[in-house]
Amino acid sequence: MKIGAPKEIIEGENRVAMTPASARDLQKLGYECVIETGAGEKAGFSDATYKEAGVEVVKTAAALFKAADIVAKVRVPTEAEVKRLREGQTLISFFNPGANAALMELAASKGANVIAMEMVPRISRAQKMDALSSMANIAGYRAVIEAGNNFGRFFTGQVTAAGKVPPAKVLVVGAGVAGLAAIGTATSLGAITYAFDVRPEVAEQVESMGAEFVYLDFEEAQADGATTGGYAAPSSPEFREAQLKKFREIAPDMDIVITTALIPNREAPELWTEDMVKSMKPGSVIIDLAAEKGGNCKLTKADERIVTDNGVIIIGYTDFPSRMAAQASTLYSTNIRHMMSDLTPEKDGIVNHNMEDDVIRGATVTHNGAITFPPPPPKVQAIAVQKKEKPKELTAEEKRALEVAAFKAQTRNQVTLLGVGAALMLLAGLYAPASFMQHFIVFVLSVFIGFQVIWNVSHSLHTPLMAVTNAISSIIILGALLQIGSGSTLVIILAALSVFMAAINIFGGFLVTRRMLAMFQKS
């Protein structure tokens, strides 16, 4: 079977769904690859490079649709492109099925199978095909670069002979993939970064990247990520009001605001209102990554850069990934290749469209002439957030009672062990010869001392300093040394072997520990 990628016809779209590298991988799956002439030029991939990779180059999109059994695209196909599909042909592309019912019906009437890349379920096994995440990662990074291009100061603070420059304050609304990418980029550029998300469990991720999480004084039970496909769920009106109130408080201090909030198959929620824009300083920048779905800012205009009356720059570009076409094409074509790998389990170049597979079923919107959108919930759901119950605080009397009970239990155990041990020693002394008892007592004392030494090492040291604990455990060498002077040849040989092995344990333990500690020292 043949898989092909046409040239994207949407104005300003520079990405391509197949790169020379991904074509080589697809050929390993048993497919022949076809591409329309000039499809990869804007992303930096020439026709000659494709030919070197064994890809057939055809002159027109019509010829490609006719030749290919599987068509891979980036943007949502136009009506003309869907009309070119034929029965049994497979289209893999972004499709936006929630807003394109007419296109779905047209594709179904053609008998074509359509896989929407944005519908790939967010489960662990499908991460390699998650095109939304790979593109959002690029969009978040590029948003910060675009903000810096429009912002009139440095991101990082500076003190120079010419004057002092304060660091930029950046607020990222939404800590999903795009948000985390924006946070990481802004922080690495030296900005003071703040982040907000309706899911408080992402606060640790935000803070681990050097940003400050904006908390709300509002309690509301959030929908589990396992039931929402890993996305934030719509909030209640009360939560939204509390959220807007918080944004109004911090808006005057922010230099750059990057909004990323989206809810699948719905218009983008309005989070940055007109009065917030008016309260911002002249020269401030708003990057609205949700512009394609209506925008998180009231004043955003899709694909436009506007300047408000008070000097705030609002950017609503919808092609951030396309502005890094080579990188975006590489990642997206890898997502396509992984999808094809799941569709070709036998690696024989023949598609097996298994509708029992969670990932394939979730991403399929039309199959065998029928519309299959929306898909059922995946059998394997995202990992739910485990809610930790706050431990009950004990009173002073309860703590004291627990300590006394623990002490009594420990004392009973020790007395029992000592009693049993003494009884066994007495029993052995009554029947065993005196020469045996001498060696037996040395053995017991060595084991006891070694056990006590290791038992009293803090458990937190066992992992990083395991080698030291091994060395300490070799205190058994004392018992072996005491037996060297024995009159028995067998005892002398065993004692010598014990000394040899214990010495290896001691010197090797400290040598390994020294090398481990050297890893954490500056050269």
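Reader: Which residue of E11 does Ala195 stand opposite?

Author: In this predicted model, 2 bridges join E10 to E11, and the two strands run parallel. Within this pairing, the residue of E11 that stands opposite Ala195 is Phe213.

Reader: Which are the edge strands of the open sheet?

Author: The open sheet is formed by 7 strands with mixed pairing, in the order E11-E10-E9-E12-E13-E15-E14. An edge strand pairs on one side only, and this holds for strand E11 (212-213) and strand E14 (305-307). The edge strands are therefore the two that end the order, E11 and E14.

Reader: At what angle does H6 run to E13?

Author: Helix H6 lies across E12, strand E13 (285-288), E14 and strand E15 (313-315). Its direction relative to E13 is given by an angle of about 150°.

Reader: What span should helix H7 have, and how far apart are its end C-alpha atoms?

Author: Helix H7 comprises 12 residues, 177-188. At 1.5 Å a residue, these should span 16 Å.

Reader: Which elements cover the buried residues of H7?

Author: The buried residues of H7 are Ala178, Gly179, Leu180, Ala181, Ala182, Ile183, Thr185 and Ala186. Their cover includes helix H6 (131-150) and helix H8 (203-208). Strands also take part in it, including E9 (169-173), E10 (192-196) and E12 (256-259).

Reader: How do H6 and H7 cross, and how many residues of their contact are nonpolar, polar and charged?

Author: The axes of H6 and H7 come within 7 Å and cross at roughly 35°, and the crossing is right-handed. Ser133, Ala136, Asn137, Gly140, Tyr141, Val144 and Ile145 of H6 meet Val177, Ala178, Ala181, Ala182, Thr185 and Ala186 of H7. The residues of this contact divide into 9 nonpolar, 4 polar and no charged.

Reader: Which elements do the buried residues of H5 pack against?

Author: In helix H5 (residues 101-109), the buried residues are Leu103, Met104, Leu106, Ala107 and Ala108. They pack against helix H4 (79-83), E6, strand E16 (364-367) and strand E17 (370-371).

Reader: Which residues of strand E5 are buried on each side?

Author: In a regular strand the side chains alternate between the two faces of the sheet. Strand E5 (residues 90-93) has both faces covered. The buried residues are Thr90 and Ile92 on one side, and on the other Leu91 and Ser93.

Reader: Which residues stand opposite Leu91 and Ser93 of E5?

Author: Strand E4 (residues 70-72) is joined to E5 by 3 bridges and runs parallel to it. Strand E6 (residues 113-116) is likewise parallel to E5, with 4 bridges between them. Opposite Leu91 stands Val71, and opposite Ser93 stands Ala116.

Reader: Is Gln243 buried or exposed, and which residues is it in contact with?

Author: Gln243 is found in helix H9 (residues 237-250). Its relative accessibility is 5%, and a residue under 20% counts as buried, so Gln243 is buried. Leaving aside neighbours within four places in sequence, the residues in contact with Gln243 are Phe196, Val198, Leu216 and Leu271.

How values were computed
Residues numbered from 1 in each chain as written. Predicted model: local features only at pLDDT ≥ 70, side-chain atom pairs only at ≥ 80, totals over all residues. Heavy atoms only, no water. Expected span 1.5 Å × (residues − 1). Buried < 20%, exposed > 50% of the residue type's maximum accessible area, 1.4 Å probe, protein only. Contact = heavy atoms within 4.5 Å. Axes fitted to C-alpha atoms, helices over the stretch in contact; angles between N-to-C directions. Left-handed = near helix turned anticlockwise from the far one by under 90°. Nonpolar A, V, L, I, M, F, W, Y, C, P; charged D, E, K, R; others polar.
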